Amino acid sequence: MPEKSGKISLKDIAREVGVSVALVSYVLNNRFENRINKDVAEKIRATAQRLHYQPNQIAKSLKTSKTFTIGLVVADISNPFSSSLARIIEDEGARYGYTVIFGSSDEDLVKFENLTNAFINRQVDGLILLPPSGSEPLLLRLKAMRFPFVIADRYFPKLEAHCVNVDNLKASYDAASLFIEHNRKVIGLINYKTDLAHLNDRTKGYQQALKDAGISINKNWIRKVDISNNPIEIEKAVAALLTPPSVNAILFASNRIAVHALKYLEQQQIKIPGDVELIGFDENEVFDFTKPQLSFIRQPMQQLGQTATELLMDVIAQTRKEQLIFIAAELVKRGSTNN
């Protein structure tokens with residue numbers, strides 16, 4: 001047993017378990033996992049935890065030329081989508097021996113660039129980015145630098161890069177199709193004013209579903225609001241859709257839009273789903289407490305975060321060619337759509 005006053009080393013753990021120092025190193029660095037007995041690996045990890053082992057990150061960095069840190073830039077950490085994704089990436093990064101540091105861009109290009117540059121200056125080994133509109137020049141600079149990065153939750157059609165994205169077009173197509181199955185054919189959509197492709201895919205999916213059903217789209221059925229989620233602007237968009245001839249179904253392209261819209265609909269005593277059926281995009285705990293509960297498109301958060309992290313590990317190791325990955329979402333039917 002090592003003395004309590006000394007710093008715990010790999011040698012101390014090896015001596016305690018009765019294995020080689022090399023084997024301890026392999027286990028704690030998640031190497032050769034398929035070749036190591038699981039019970040032995042479990043015992044090594046348990047012993048390291050019991051002895052409060054802390055790896056020497058400075059020595060490790062000098063030896064490998066890596067800092068074992070990942071920079072993550074989300075849109076808004078206060079949004080349940082961003083915070084959930086950050087937690088999944090944090091946990092997944094830890095499996096690879098990485099620490100994740102993150103910040104929020106608030107969909108602001110200057111703030112996004114400042115955060116990205118700050119992470120690079122801190123010598124992170126790679127970046128997982130949710131870039132705002134107008135980010136292409138910075139992303140091209142990262143490519144020119146050969147700096148490892150993965151774009152998550154969005155993509156840029158004219159930029160070849162590693163991207164992991166939800167199939168937003170199919171998800172909104174399925175949502176609009178459900179309204180049509182319920183004989184709701186005057187369908188509204190509230191989305192953002194943006195050139196971000198993943199958000200515009202939500203409009204395209206909605207439009208394609210109506211087109212395939214032979215429904216002529218009225219331009220007044222589509223309302224756009226600023227990505228800052230101004231409650232008054234969102235309320236006005238809902239009010240416009242409910243002005244005769246009003247829609248009888250609405251697809252909200254964001255959970256933030258849905259939250260403000262639901263408050264307004266309740267104030268106006270609109271009957272749901274009697275007067276209007278509703279579907280939101282992405283989850284929010286508020287939806288569990290609305291009466292009736294809001295139907296929504298569940299994004300595959302676990303798969304999105306795990307795939308983005310795994311892909312970044314491959315990019316850092318230079319074992320993957322650039323690719324665009326789409327992951328299917330799930331339509332969760334609840335009380336705001338007739339079941």
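Biologist: In which sense do strand β3 and strand β4 pair, and over how many bridges?

Modeller: Strand β3 (residues 126-129) and strand β4 (residues 149-152) pair in the parallel sense, over 3 bridges, where two strands pair if DSSP finds at least two bridges between them. Helices (H or I, at least four residues) and strands (E, at least two) are DSSP runs, numbered from the N terminus. Before going on, please note that this is a predicted model, in which local features need pLDDT of at least 70 and side-chain atom pairs count only at pLDDT 80 or more, while totals for chains, interfaces and linings use all residues. Residues are numbered from 1 along each chain as its sequence is written, and side-chain values use heavy atoms, with hydrogens and water left out.

Biologist: Which residue of β4 stands opposite Leu127?

Modeller: That is Phe149 of β4, which stands opposite Leu127.

Biologist: And what is the order of the strands in the open sheet?

Modeller: The order is β2-β1-β3-β4-β5-β11, 6 strands in an open sheet with parallel pairing. The edge strands, each pairing on one side only, are β2 (99-104) and β11 (324-327). From one strand to the next the twist averages 20 degrees.

Biologist: How many bridges join β5 to β11?

Modeller: There are 4 bridges joining β5 to β11, and these two strands run parallel; Val166 stands opposite Ile327 in β11. Towards β4, strand β5 pairs in the parallel sense over 2 bridges, and there Cys163 in β5 is the bridge partner of Ile151.

Biologist: Which way do the residues of β5 point, and are they buried or exposed?

Modeller: From strand β5 (residues 163-166), Cys163 and Asn165 point one way and Val164 and Val166 the other way, and all are buried. Buried means under 20% relative accessible area, exposed means over 50%, and partly exposed is in between, with a 1.4 Å probe and protein chains only.

Biologist: Which helix lies across β1, β2 and β3?

Modeller: Helix α5 (residues 80-95) lies across those strands, running at about 170 degrees to β1 (69-74). Axes are lines fitted to C-alpha atoms, for helices over the stretch in contact, and angles run from 0 to 180 degrees between N-to-C directions. Contact means heavy atoms within 4.5 Å.

Biologist: Changing topic, at what angle do α1 and α3 pack?

Modeller: Helix α1 (residues 10-17) and helix α3 (residues 38-50) pack at about 125 degrees, with their axes 10 Å apart. The contact is made by Ile13, Glu16 and Val17 of α1 together with Lys43, Ile44, Thr47, Ala48 and Arg50 of α3.

Biologist: Why are α1 and α3 called oblique?

Modeller: At about 125 degrees, α1 and α3 are therefore oblique to each other, because angles under 35 degrees count as roughly parallel, over 145 as roughly antiparallel, 65 to 115 as roughly perpendicular and the rest as oblique.

Biologist: Next, where is Leu331 found, and what does Leu331 count as at 22% relative accessibility?

Modeller: Leu331 is in strand β12 (residues 330-332), and at 22% relative accessibility Leu331 counts as partly exposed. Leaving aside neighbours within four places in sequence, Leu331 is in contact with Asp174, Ala175, Leu178, Ile279, Phe296 and Ile297.

Biologist: How many residues of β9 are buried?

Modeller: Strand β9 (residues 277-281) is mostly covered, with 5 of its 5 residues buried. Glu277, Ile279 and Phe281 point one way from β9, while Leu278 and Gly280 point the other way. Strand β8 (residues 249-252) pairs with β9 in the parallel sense over 4 bridges, and Phe252 stands opposite Gly280.
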